[in-house]
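Thanks for coming. Please take a look at the model on the screen, and then I will go through some of its charged pairs and helices.

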Amino acid sequence: MPRALHSRSPAVSDPHSDLPTVVRRSSSGLGPSAPVLQVRRPMASYGVSFAPVATAVHVLGVLVLALILYWVIAFRGGVTLWGSAPALIFNAHPVIMFGGFIFVSSEAILVYKTLSGTKRSKKLVHMSLQAIAFLLALVGIWAALKFHLDSNIDNFYSLHSWLGIFTVVLFFIQWIAGFFSFWTQSVAGSTRAAVLPWHVFFGIGAYVLAVATAVLGFLEKITFLQSGSLGHYASEAMFVNTVALLVVVFGFVTVLAILIPAPKEEDGYQAIEMGDLLHFSMA
């Protein structure tokens with residue numbers, strides 16, 4: 001099947017239309033022309049280009065991770081995954097769940113816009129980073145679970161834990177669906193076309209849920225501490241609130257980076273491989 005052209009077609013009459021536009025071109029000039037499908041996406045006018053927003057994602061991610069490390073070291077006594085100190089093992093939970101799950105997942109989401117290379121190489125990096133994020137999420141959950149078991153604390157009773165498990169399960173389903181639909185391409189092209197928008201939708205949804213779950217985790221931890229000896233306006237409480245707000249800002253900036261077209265897409269066109277994404281016929 002012929003591929004959609006990347007160049008601007010003179011047959012496009014409505015520059016603001018987001019409907020599919022069909023033009024006829026002939027590869028040989030002898031036979032009947034073949035249909036070529038172009039889709040124009042409406043240009044998002046956010047008033048900012050992609051590059052600074054992507055840079056902000058990287059910088060904010062490193063900053064938030066550094067602040068979480070400072071919190072668990074300066075206020076909570078340190079962090080470890082081994083040993084006989086349950087509290088220190090628990091401290092690995094927020095570090096890994098943000099740095100290993102949310103931050104790595106953010107980078108994976110933006111790979112298609114930030115990484116140069118072939119489409120397949122971008123898929124490989126995206127899939128690999130998401131797999132790493134998922135495995136690190138399991139380690140983070142294990143750290144919290146071990147702390148609860150060693151400290152005789154009930155498990156999975158809070159909204160934070162429920163949302164956390166739901167998010168990780170959704171994340172895993174997303175990865176499996178993406179692997180078989182878009183990497184191995186073991187399903188029909190029409191199925192891939194149907195799956196793609198839902199893969200994007202649930203991917204963003206899982207990411208937003210991960211950010212919300214992290215914020216609930218900070219709230220749960222600081223509320224637990226304030227039920228003991230920590231004052232409501234203690235420096236640690238204010239510090240954790242600030243970190244949680246920065247996590248929200250980080251999530252907003254990441255979603256903005258997803259919505260802003262990358263430089264190569266700023267002409268508003270998205271070429272579609274008809275055999276892969278759409279089945280289109282003309283009378």
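I will call something a salt bridge when a side-chain nitrogen of Lys or Arg is within 4 Å of a carboxyl oxygen of Asp or Glu. This is a predicted model, in which local features need pLDDT of at least 70, side-chain atom pairs count only at pLDDT 80 or more, and totals for chains, interfaces and linings use all residues. Residues are numbered from 1 along each chain as its sequence is written, and side-chain values use heavy atoms, with hydrogens and water left out.

The count is 2 salt bridges. One joins Lys146 to Asp150, with 3.2 Å between the closest N and O atoms. Both residues sit in helix H5 (residues 119–150), 4 residues apart, about one turn of the helix. Helices here are DSSP runs of H or I, at least four residues, and strands are runs of E, at least two, numbered from the N terminus.

The other pair is Arg76 and Glu236, whose closest N and O atoms are 2.8 Å apart. This pair links distant parts of the chain, 160 residues apart: Arg76 is in the loop between helix H1 (50–75) and helix H2 (86–90), and Glu236 is in helix H8 (residues 235–259).

Is Glu236 buried or exposed? Buried means under 20% relative accessible area, exposed over 50%, and partly exposed in between, with a 1.4 Å probe and protein chains only. Glu236 counts as buried because its relative accessibility is 5%. Arg76, at 28%, is partly exposed.

Last, Leu216 lies in helix H7 (residues 189–226). Its C-alpha atom is 8.7 Å from that of Ala244.
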